[in-house]
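Let's walk through it together, one chain at a time.

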Amino acid sequence: MNAVPLSWYLILSAVLFSLGVAGFLVRRNIITVFMSIELMLNAVNLSFVTFSYQFKQADGHIFTFFVMVVAAAEAAVGLAIILALVRTRRTLEVDEVNLLKF
Amino acid sequence: MLHLWLIPAFPLAGFLLNGLFGRRAPKLFVNLVGVGSVALSFLWVLNTLAALGPLETPHIERYFTWIQSGELRIGFDLVADRLSAVMMLVVTGVGLLIHVYSIGYMAHESGYYRFFAYLNLFMFFMLLLVMAGNFLLLFVGWEGVGLCSYLLIGFWFLKKSAADAGKKAFIVNRIGDFGFSLAIYLIVAHFGTLDFDPVFAAVRERPLETDAGLLTLVALLLLVGATGKSAQVPLYVWLPDAMEGPTPVSALIHAATMVTAGVYMTARCAPIYLQAPIALEAVAWVGAFTAFFAATIGLAQHDIKKVFAYSTISQLGYMFLGAGVGAFSAGIYHLVTHAFFKALLFLGAGSVIHALGGEQDLRRMGGLRKQAPVTFWTLLCAAVAIAGVPPFSGFHSKDAILLAAHHHSPALYWIGVVTAALTAFYVFRALFLAFFGDYRGDPHHHPHESPPVMTVPLMALAALSLAGGYFGVPAWLEPMFPVSEPAHDVALVVVSVIAGLAGIATAWWFYVARPGLADRVAAQLGGLYQLVYNKYFVDEIYGAAVVRPVVEGSEKLAWRTLDVSVIDGMVNGLGARAQSLGDVLRRIQSGNVRSYAAWVLFGAVLVVVAFGFWGGWQ
Amino acid sequence: MTLLNLCLALPVAGFLLILAIPKENHRAIRTAALAVSLLVFGLSLGLAVRFDTSLPAYQFVTNVPWIASPAIRYHVGIDGLSLWLVILSTLLTPVGVLVSWRYIDRRVKEFYALLILMESGLIGVFVALDLFLFYVFWEVSLIPMYFLIGVWGHERRIYAAVKFFLFTMAGSVLMLAAIIYLYTQAATFDYPAILSLVAEGRLRFSPLEETLLFLGFFLAFAIKVPLFPLHTWLPDAHVEAPTAGSVILASVMLKMGTYGLLRFSLPLFPSASREHAPWIAVLAIIGIIYGALVAMVQPNMKKLVAYSSVSHLGFVVLGIFSFTQLGLDGAVYQMLNHGISTGALFVLVGFLYERRHSLEIADYGGVATPAPNLAVVFMITTLASIGLPVLNNFVGEYLVLQGTAQVNFRWTVFAAIGIILSACYMLWLYQRAFFGAAPEPVRAHVHDLSPREWSAILPLVVLMVWMGTATQTFLPPIGAANARILEHTRQNVEFHVKQRPPGAASAEVARAR
């Protein structure tokens, strides 16, 4: 079987993760930030699956499922928070949400 | 078992009864308990001594273990030997007379019950002191009498001077006790016990070469203790102030019994002193110097009680002189006769003060011979006794000391003779100023003789003062002390008697024959008189050299500078540093989520770089 | 369920009981607190009655697993050292309840709940035989005190409470580190087990290890004692604390430090203890003199008593580090004495404060006239505190100084100066507060002792006399425990009797050691 080399998957994963990080840091729209987080999670998922496939072990798959579940839960809670935020502050700008500042 | 414990137990019971119930009880109850307990104690002493007979060997009764730690056992042991027998008789006998006298003297004071409770407590501790079978129990009595002295000096605690005097007495005594306690620690560390007999036996048996330094140190430390309790230079300053207390207290505690505890202790520790000649020499010189020094101050005092207070210091110096030249029995002998005539002097002074409604200044007395004849004649008995006029009690004991002193060193003898002359002078000066001439006090006050309850003890003490020289105390004590009896030298006796008579004659010349001469002489002397009149400014020197530096140093240096500024400053500074560090660090906590994320990224990169450099876990 | 467990559990039950009472019902809360604390006291007396001095082991032992991994056990038991300290704690708690009867008028429920809870922690400290359990009790007793000072204190209470907490924490964290390190080496927290490992030489530390471990424990204990120069939290804590807080703090909590030194530092790290003894003794002596000097010039009564505690506790530390039977016995006796007499002093100062609402000595004067009984009791307590024979402190101070004299006479000389100074500051305080003519505010506000106040102070006064005269009631168990501690400090220890100054009794020292 002439498989795609391992490194390609990892590079893809790294690129996706970096995109996620960059998006998280640069974008101001909270939805976009949120999406960036999901992107990072999925980048990690990709490398989990890759390694799992490579080493012929199920652990990576299992973790992927964990991550997906957590991501789903997080999406639910996160979107709820965003909704609440939009209702109270009428904005999606992250920089304007700085009430936690000491 | 002869139940020696009953002797101190009676006064203790009296203290408890009067202390607990005296406030609400009638005066009769207080009197009965207060005086009765001492009377019982006195009778029990007589009974015990009669049962013990000649007391060739000490009679020791052990009751219970007071402290037991490791090898060291300190028991509640009472001992009756020839020395403590003499002391018991003096303490309970003179104490009983003074208790009786107090009924009259304190009759109109509030806190009457309190006075008798304290007096009884004093008797308890004093008896414990003289009957103790080991050093620590002696120390218990020692500190206990100091406490009672404190309480009784400050009896009129509303007066600041009285409270001050009490405190001063306690603290100065504490300085002496410091030395005494150090001696105790050394004794235990060295001999492993505090019981008198084993310690003294060990002192006698062990070779001098190895122990000489230690024994000298112990003896000198004991001397420090004795100078505190017995008001010797340099710790005598508390005794004149102690005259703030009621006069019976001055008679009992500050003349007859407590202040002689130092002499008793020195005599008790004679085996140690005899192995430490340097310390013994120090005792003699401290005594001689104190005797002379205090006598000079006594010359110029106007307060009748202060005159007698300095006289007490001076006479105690005599006793130390006696002990210091090795004549311990002569020292104790003088202790006994001094207890008689000095208690009488104070009680007589009390009677005078009572007659004058509280006046203590000799310049405002005079001519009381007629109004208070009993007081006059009894005081005269005491005066001839203390002046060393033969054949009265003071003559015998003083002579024994002076003879021994001459045998040891003529210089000490001559100091003693000069002191004897001074003593005769100031005592008769006080007597003449109070009883001769014209009444110089408040013309509206009419002096009166004291009631019999006061004069009867005076008469008893007068008899003792006159005849006390024939009690044969030295012969009784002889087996206890290895004395080298000096040859009886008539010339020396004549000299000292002449000195005493000269003192009396000078006082007569100054204050009766030529009134006013004394003031002119004082004016002539000028600075010297001022120096003596102001007691050589010793109190002021102590105040400036010791008390103020300690108090101000503690306040400014120890507390405000070291404690508050330095130590606490460092603690608070540490707190402040932590807070300011927090101030810096909290800027990171900006509340901006994306800056947090940036920090996370920065950290992650840092970790990766670190791994790259140092190669992970391995 | 041994008697000891009951003593530990009852205060917790009392704590829950008080929590269950409605908070308006002050009377019921106070009564419940008093009843519980008296009951615990009664039970603890049972410990003394059934204690067998001749047995060389811990008694009333309970040893059951608490946490499986790491192996932490609920291991408690007492010997002669802890016996009297437990009873001291149970005695002072009802006294604390009684003196707070009128003093505390807000948040009454919380106050008594914490007070009773603290009792459990205090007892626990003295009976725990598992190092981890000891640490837990150590902290448990700390927290209620923090609240007692911080909530019911005077004006600067927050500062004082935080200072108290941080000081103690700083020390106890180091102790925790040392305990954990010990666990990594010995694989157990069980104190007797570790001790036998050390004694049999199966657990050996390098000198550096031992020094660090010793210092870890020592710092925690020295702060608690408090040893000069770590003492500055004490005056603040005392001045700000309510009366009951001061009483418990002075009487019991300070003893946790000295108890720890005796129980843990000496037997576990004998070589390091001996090696460091000289400078610790010097610090103790500095504390004795310095505390007394600073006490002398305090205008505030509580601060005066607090600094006097620094001085008194110096004697305890000095006695402990003399490594003699006399010194150790004296140190333990002095712990109890200080608990009784300084506790009584704080009680009495609290009484004065309740009347005149001031702690400044200058606001008093002539109190003896309107309140003669109070004056008498204060006098007896003062005399006890300055070490007058027949009263308790004398015995302790004597034994400590006697023990020290067998090792180093110069230490004794300097420490004995503290006894002179104690008379200075206490008598001066007494004179300024009680003697002289009473000014108008004193005459108007100061009245004599009430029956409740009598009941709080009388047991302490009786004990002062009892402990001063009948020392054999208390000393034999203490002596037996100390003999075993000293035995431990000799095992597997390589040390040499140091060259001593000439003239001192070197032969005696060798024997005493």
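Helices (H or I, at least four residues) and strands (E, at least two) are DSSP runs, numbered from the N terminus. With that in hand, look at chain A, where helix 2 is followed by A:K56, a residue with a positive phi, near 55°. A word on the source: this is a predicted model, in which local features need pLDDT of at least 70 and side-chain atom pairs count only at pLDDT 80 or more, while totals for chains, interfaces and linings use all residues. Residues are numbered from 1 along each chain as its sequence is written, and chains are lettered from A and ligands numbered from 1 in the order in which they are written.

Stay with helix 2 of chain A, residues 30-55, for a moment. Its 26 residues reach 38 Å from the first C-alpha to the last, close to the 38 Å expected at 1.5 Å a residue (the expected span is 1.5 Å times one less than the number of residues). Which of its residues are buried? They are A:I30, A:V33, A:F34, A:S36, A:L41, A:A43, A:N45 and A:F48. Here a residue is buried if 20 or more other C-beta atoms lie within 10 Å of its own, exposed if 12 or fewer, and partly exposed in between, with C-beta atoms placed from the backbone. Helix 1 (6-26) and helix 3 (59-89) of chain A are included in what covers them.

Now move on to chain B, which holds 26 helices and 2 strands. Its C-alpha trace spans about 115 × 65 × 55 Å along its principal axes. Of its 618 residues, 56% count as buried. Two residues are in contact if their C-beta atoms, placed from the backbone, lie within 7 Å. Among contacts in chain B between residues at least 6 apart in sequence, 81% join residues at least 24 apart.

Where chain B meets chain C, the contact takes 41 residues from chain B and 42 residues from chain C. On the chain B side, helix 6 (160-191) is among the elements that give two or more residues, and helix 6 gives the most, with 15 residues. By class, that side has 24 nonpolar, 10 polar and 7 charged residues. Nonpolar covers Ala, Val, Leu, Ile, Met, Phe, Trp, Tyr, Cys and Pro, charged covers Asp, Glu, Lys and Arg, and the others, Gly among them, count as polar.

Finally, turn to chain C itself. Strand 1 (residues 59-67) and strand 2 of chain C run antiparallel, joined by 6 bridges; two strands pair if DSSP finds at least two bridges between them. They form a hairpin with 4 residues between them, and C:V64 stands opposite C:Y74 in strand 2. Strand 2 (residues 72-78) is mostly covered, with 5 of its 7 residues buried.
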